[in-house]
2 protein chains.
Amino acid sequence: MGPIVNETATNELARQEVTVSPVEKFREFLATRRMRLTQERETIVREIFADHEHFDSDQIVSRLTQPRRDGGRVSRATVYRTLRELEKAGLIRKVARSNDREVYEHDYGYPQHDHFICEKCSQLVEFRNDEISTVLERVSAEYGFRMKGHRLEVHGICDACARPPARRHRKLDMI
Amino acid sequence: MGPIVNETATNELARQEVTVSPVEKFREFLATRRMRLTQERETIVREIFADHEHFDSDQIVSRLTQPRRDGGRVSRATVYRTLRELEKAGLIRKVARSNDREVYEHDYGYPQHDHFICEKCSQLVEFRNDEISTVLERVSAEYGFRMKGHRLEVHGICDACARPPARRHRKLDMI
DNA sequence: ATGGATGCAAAGCGTTTGCATACAG
DNA sequence: CTGTATGCAAACGCTTTGCATCCAT
């Protein structure tokens with residue numbers, strides 16, 4: 001997409017510690033595009049970076065759509081529009097698709113990792129392995145492909161759901 | 001639309017040679033579910049396995065929606081319904097998402113591989129690398145995760161689009 | 001015969017967009 | 001002030017589904 005921005009160190013195996021807040025980082029990005037950091041945008045960024053959980057558009061919408069004491073409410077349209085910008089800004093990224101929705105996670109100040117997705121409880125579990133990036137860097141080079149990043153979903157059954165008896169996760173297993 | 005395919009399949013991960021035709025394989029699957037191999041379903045399977053190209057639902061729909069001398073026409077609803085069954089049957093699988101559509105490919109009689117996805121021309125290029133599966137097998141074991149498979153998209157710029165001058169790939173080439 | 005399958009059209013659903021109004025810079 | 005951004009609601013585009021009819025077994 002954007003040819004500019006993102007001074008991401010070529011090798012993210014060692015993310016630098018975050019020196020700028022997400023909001024500040026976003027403001028910088030917006031500035032380069034002649035865009036403005038509105039209250040709505042700031043509210044959204046704060047909400048998203050309040051924790052490190054995965055999230056989808058609708059979760060953010062439902063949290064900000066109803067009047068809130070602090071941040072003020074934000075419309076559904078603005079949430080979607082802002083999420084797209086945040087992705088371009090490199091602050092968040094889509095990690096998977098779950099129940100027909102894109103699942104996002106922080107991409108700023110968060111180490112590179114991939115996910116296990118349980119077919120039973122549809123839970124996402126992160127795991128970290130540097131070999132994968134290394135292999136991909138090499139293979140990309142072999143193919144003359146300029147790798148910018150990757151999205152890896154490992155499907156299967158998580159440890160909890162695999163245990164035969166007892167209780168298992170219940171998130172959204174139909175039938 | 002010419003994804004590069006390496007027929008250099010001789011490795012351990014290589015699929016057991018196909019002994020049954022896709023249609024036959026599908027019939028077997030359907031039987032176990034008390035479902036029937038109708039003319040429509042057979043037409044769809046033949047159309048899909050006529051070549052090894054990636055495809056999305058709409059491509060199949062537009063090819064089978066209009067009367068055809070041989071196979072007869074199939075409705076949009078049936079194509080969608082059958083695609084879902086073919087996925088359960090392990091004959092096809094979703095490999096990526098492009099322009100808001102799921103992109104499928106053969107998962108039967110086709111060697112394991114992953115994809116490069118060009119951000120410029122959105123073309124999918126296959127590549128084969130056994131190390132990835134090996135690493136994932138090991139990491140999964142470490143996490144107590146029963147891996148069934150994975151989906152890996154490597155994003156970036158393809159060789160053609162990276163070359164500064166000259167013309168580049170078209171963005172949305174349909175048919 | 002008969003329960004599963006098809007086609008059609010309408011409904012679903014997440015996401016996007018046109019437009020009038022409201023602000024950030 | 002001026003060009004952006006927001007909200008609302010309607011529009012979208014892919015996919016699913018209700019229902020009457022059809023057909024594989």
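Among the atoms of DNA strand C that come within 4 Å of the protein, 70% belong to sugar and phosphate. The model is predicted: local features need pLDDT of at least 70, side-chain atom pairs count only at pLDDT 80 or more, and totals for chains, interfaces and linings use all residues. Residues are numbered from 1 along each chain as its sequence is written, chains are lettered from A and ligands numbered from 1 in the order in which they are written, and side-chain values use heavy atoms, with hydrogens and water left out.

At least two residues each come from α4 (76-88) and β2 (101-106) of chain A and from α2 (39-48) and α4 (76-88) of chain B, where helices (H or I, at least four residues) and strands (E, at least two) are DSSP runs numbered from the N terminus. With five residues, α4(A) supplies the largest share. The surface near DNA strand C comprises 13 charged, six nonpolar and four polar residues; Ala, Val, Leu, Ile, Met, Phe, Trp, Tyr, Cys and Pro count as nonpolar, Asp, Glu, Lys and Arg as charged, and the others, Gly among them, as polar.

## Surface near DNA strand D

DNA strand D is surrounded by 23 residues, and the closest are R36(A), R73(A), S75(A), Y80(B) and R101(B). Phosphate oxygens of DNA strand D lie 2.4 Å from a polar side-chain atom of Y80(B), 2.8 Å from one of T78(A) and 3.0 Å from one of T38(A).

The elements that each supply at least two residues here are α2 (39-48) and α4 of chain A, together with α4 and β2 (101-106) of chain B. The largest share, five residues, comes from α4(B). By class, the surface near DNA strand D has 12 charged, six nonpolar and five polar residues.

## Interface of chains A and B

In the protein interface, 36 residues of chain B are in contact with 36 residues of chain A, contact meaning heavy atoms within 4.5 Å. The two chains bury about 3100 Å² between them, 61% of it on carbon and sulfur atoms; buried area is the accessible area (1.4 Å probe) that two parts lose on being put together, summed over both. There are 16 residue pairs in polar contact between the chains, with both residues at pLDDT 80 or more. On the side of chain B that touches chain A, β3 (114-118), β4 (124-127), α5 (130-143), β5 (146-157) and α6 (159-162) of chain B give two or more residues. The most, 12 residues, come from β5(B). This side of chain B has 16 nonpolar, 12 charged and eight polar residues.

Strand β5 (residues 146-157) of chain A pairs with β5(B) in the antiparallel sense over 11 bridges; two strands pair if DSSP finds at least two bridges between them. Within this pairing, E153(A) has R151(B) in β5(B) as its bridge partner.

## Salt bridges

The whole structure contains 34 salt bridges over all chains, a salt bridge being a side-chain nitrogen of Lys or Arg within 4 Å of a carboxyl oxygen of Asp or Glu. Six salt bridges are found across the interface of chain B and chain A. D159(A) and R146(B) form a salt bridge through their side chains (3.2 Å, N to O). In another salt bridge, the closest N and O atoms of R138(B) and E131(A) are 2.3 Å apart. R138(B) lies in helix α5 of chain B and E131(A) in helix α5 (residues 130-143) of chain A, so this pair joins two chains.

## Backbone angles in two loops

Most residues other than glycine have a negative phi. S122(A), which is not a glycine, has a positive phi of about 50 degrees and lies in the loop between β3 (114-118) and β4 (124-127) of chain A. R34(B) also has a positive phi, near 60 degrees, and is placed in the loop between α1 (22-32) and α2 of chain B.

Terms used: A residue is near a molecule or strand if one of its heavy atoms lies within 4 Å of it. A polar contact is a pair of N or O atoms within 3.5 Å; within protein, one must be able to donate a hydrogen and the other to accept it, and residues adjacent in sequence count only if both atoms are side-chain atoms.
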